[in-house]
Amino acid sequence: MASVACGIDIGGSGVKGAVVDLVTGEFIGDRVRIDTPKPATPDAVAETCKAVLEQLGVGPGTPVGIAFPAPIIHGVVPFMANLDQSWVGIDVNELMQRHLGRPVTPLNDADAAGLAEVAFGAAKGVEGTVIVTTLGTGIGSAVVVDGTLVPNTELGHLEIDGHDAESQASAGQKTLQGLSWEEWAGRLQRYYSHVEMLFSPDLFVVGGGVSKNHAKFMPLLHLRTRMVPAQLFNTAGIVGAAYQASRKAE
């Protein structure tokens, strides 16, 4: 595996990138951020990725991974929530090859964050099945089994008690409904118990901004599975994208 790779994380408001040391998981030099173009069409976003690479000074031999706010199925975007709808059906590999003149490794942003936690963060060294969840406006998920990603899981959309899980248990719903930590923990208990029953994981890693307050809700949960807070936070998408690109480059 290459010791250095570049990760780019495409979000609704910004396109962020950095060169990553794949021994430590830390950035080499500064992170570059450019506002996401409006409208965020495929060609416009690809040109923004090109500008990020140019600012970082990334050479042609460096693997590049790109994290997207959408599933990526065999390199194709099936649907898109946070960028322009013209992304639907786009072959990301072909698009980026045309604009960047190089191959890239595309993946879902939650998957990238999950890989980063397994390689460098809270799940490093854990064998078996690791499930990384991000508690935010919705619930993002990544499933990694013995270091291998099971891509494009959408465990926030499990139907539990007749409801889409994230419509009841996300951090966004805690805020929207004014739930206390104890009330929200009751909903998280139902959610994580269900996921635990389906997957029997070896570890849950909980990310998202609310995880900095993990001491207020995680001790209220009673699960067989060990649960720990995420460690990488805002760097996870970039680090995970770089890590996956390096592995694919092998």
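A: Helices (H or I, at least four residues) and strands (E, at least two) are DSSP runs, numbered from the N terminus. The model is predicted, so local features need pLDDT of at least 70 and side-chain atom pairs 80 or more, while totals for chains, interfaces and linings use all residues. Residues count from 1 along each chain as its sequence is written, and side-chain values use heavy atoms, without hydrogens and water.

Start in helix 2, residues 92-100. Glu94 and Arg98 sit four residues apart there, about one helical turn. Their side chains form a salt bridge (Lys or Arg side-chain nitrogen within 4 Å of an Asp or Glu carboxyl oxygen). The closest N and O atoms of Glu94 and Arg98 are 3.0 Å apart. Glu94 is partly exposed at 42% relative accessibility (buried is under 20%, exposed over 50%, partly exposed in between; 1.4 Å probe, protein chains only).

Arg98 has another partner. Its side chain also meets that of Asp43, at 3.5 Å from N to O. Asp43 lies in helix 1, residues 42-56, so this pair ties together parts 55 residues apart in sequence. Asp43 is partly exposed too, with a relative accessible area of 40%. Through shared partners, Asp43, Glu94 and Arg98 join into one network.

Now move to Glu196 and Arg224. Their side chains meet in a salt bridge at 3.6 Å, N to O. Glu196 belongs to helix 6, and Arg224 to the loop between strand 11 and strand 12, 28 residues away. Glu196 is buried, at 4% relative accessibility. Arg224 is exposed, at 66%.
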